[in-house]
Amino acid sequence: MLKLPDLQNGVRLAVLGRSRPEIIAAILGEEGEAEARLRIHQHHILTSLTEALKANFPVVCRVVDARFFGYAADAFIRLHPPSAPCLAEYGAEFPDFIRAFEPARALPYLGDLARLEWAVMEARNAPDAAPIATESLRQVAVVDYPDLTLQLDPSLRLIRTLWPVERIWAAHQDPKPAEPIQLGSEGSRLIVRRRGAEIEVESVEPATFAFVAALRHGRCLAKAGSAGLAADPFFDMAMALRRLLAEQALVGFSVLPTRNRGVREP
Amino acid sequence: MTLLQTRYRCLPPLTGIGLRAPHLEEVVAGRSSAPWVEVHPENYMGGGSAAAALLSIRRDRPVSLHGVGLSLGSADGIDQRHLARVKSLMLRVEPFLVSEHLSWSSAGGAYLNDLLPLPYTEEALRITARNVARVQEALGRRLLIENPSRYLSWRHSAMPEAEFLAELVRATGCGILCDVNNLHVTQHNCGADPLRWLDAVPADAVGEIHLAGHARNPIDGGGEILIDDHGDHVAEPVWELFAEAVRRFPHAPALIEWDSNIPALSVLAAEARAADRVRSASAIGVSFDAQVA
């Protein structure tokens, strides 16, 4: 008699495409009928997970067409079934998978487009957080500014891409912008955020991108500013900071005594 | 009228609807008369608009949480992270019912997104009871456990489903969600007797009844198999089973589920009203054709 752990692991392997004769033998009915009955579950699992991937990567699906997407999704699901029940969060490995997927070689930007869609999905599902007001930063002493760390909106994601994927993405949203997309044009640095119920995808300058990326990694203001300056010697940190505040992208701050400063204000 | 008074200690419960994404906005905007709604917690676990919409609906009417992801029959045990997320949503929504399925979905770290059938054995009973007890303890709530639609039977199953459920109720104090469409689908596919099932489960434990439509598909090797796709009106034999169920479980509220080919909200509302009429007819002891009325 099949023990429950063996039965469940056997069914998992069988529905993901491995031959498991001991599972078929444990199902009531002759072999062909038992296989057909198990296939009902397999069909439901593969089609419902394909639908979940379509929902999470709708633009990739429209770019390659639904049939090709289904073909890729089938291969992906067998390799990377979900590990948790929230299917709105299924597909973290899909961008890397589709980038390396041999039959999609002719579309080298697909991986980055999928990364952008994953960021959009994460932004959509990120927790809500109230933005801080400009005035609240006034309580920070000027001498502490270099050590200030700023918490960014939890929905904010950063993407560096070699392809104009934000324009491909935008062309598949409603209402669509009418401009043609030059695939050969320069890549971009993108900031993805949710504001209210809307998803914003913005292309930013290299210095702003480096600054925000450093903040997101928990770097203090001094180090984030240096990262911005390293990307562009004319980087204006005050302006970048004001913009983050105006766009309500900051949700908290703290002053960490990360180094021992020789001089303190009395 | 006397029968109505003896069967109910209060007004008969009204039928709710399973709320799905296409109808969310309409219900938030107050354009639904549904007395209560049921949702899958898995669809509301992120931040953002969906959870906010659900909380705004909760201000106007009772909400039931009907989980599909806890995998109560898994030998691997309960996914603690998922359980914590169910609990966090439950604390915000304050549902009047919390339910899950008598099935399994996870094995070896993979979540298979299907309500897979358990063998009804002592071993599976022990594992499921342990999982149900852990979930109930973590949530601080009684769970209602739903009978699944079955497409296959395990050779080594040693007891009928109703007995397995009755034992589970005895071991954990959980309740039962009686899905009459699933009873019908399982009867057709696997030959179980739904009336025997209705008689064999502890009537006091049944806290909710589900109604839904199903599809009829050909199966390889000939014959026909019923698929529980929740994609159609409630079928006539399922209405008949529903009438039997409400006679036995008069206080369990019923729910209309519709998950594929989802129609207008008004169609679901009409289906719920039909269920209310079957219940009233059953209460006063007359037979009633839900489709015609």
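Here are some friendly notes on the two-chain model above, point by point.

1. **What you are looking at.** This is a predicted model, in which local features need pLDDT of at least 70, side-chain atom pairs count only at pLDDT 80 or more, and totals for chains, interfaces and linings use all residues. Residues are numbered from 1 along each chain as its sequence is written, while chains are lettered from A and ligands numbered from 1 in the order in which they are written.

2. **Confidence.** The model scores are ipTM 0.93 and pTM 0.90. Please take care with residues 1–6 of chain B, where pLDDT stays under 50. Here the model has five contacts beyond four places in sequence, a contact being two residues whose C-beta atoms, placed from the backbone, lie within 7 Å. Where pLDDT is low, the predicted coordinates should not be read in detail.

3. **Chain B overall.** Chain B has 10 helices and 12 strands; helices (H or I, at least four residues) and strands (E, at least two) are DSSP runs numbered from the N terminus. Its radius of gyration is 18 Å, close to the 19 Å that the globule rule gives for 293 residues, so chain B is as compact as a globular protein of that length. That radius is taken over C-alpha atoms, and the rule is 2.2 Å times the number of residues to the power 0.38. Along its principal axes, the C-alpha trace of chain B spans about 50 × 45 × 40 Å.

4. **Inside chain B.** Of the 293 residues in chain B, 49% are buried. A residue is buried if 20 or more other C-beta atoms lie within 10 Å of its own, exposed if 12 or fewer, and partly exposed in between, with C-beta atoms placed from the backbone. Among contacts in chain B with a separation of 6 or more, 75% join residues 24 or more positions apart.

5. **Helix 10 of chain B.** This helix covers residues 265–283 and reaches 27 Å from its first C-alpha to its last, close to the 27 Å expected; the expected span is 1.5 Å times one less than the number of residues. Its buried residues include B:Leu265, B:Glu271 and B:Arg279. Strand 9 (206–212) and helix 9 (236–248) of chain B are among the elements covering the buried residues of helix 10.

6. **The interface.** In the model, 37 residues of chain B are in contact with 40 residues of chain A. Strand 6 of chain B gives the most to the side of chain B that touches chain A, with six residues. Strand 6 of chain B is also part of what covers the buried residues of helix 3 of chain A. Those buried residues include A:His44 and A:Leu49.

7. **Two backbone angles to check.** B:Asn113 lies in strand 6 of chain B and has a positive phi of about 50 degrees although it is not a glycine. B:Asn113 counts as buried, with 25 C-beta neighbours inside 10 Å. B:Ser71 has a phi near 55 degrees, again positive in a residue other than glycine. B:Ser71 is found in the loop between strand 3 (63–66) and helix 4 of chain B, and is buried, with 27 other C-beta atoms within 10 Å.

Note on methods: pLDDT is the predictor's confidence in each residue, from 0 to 100.
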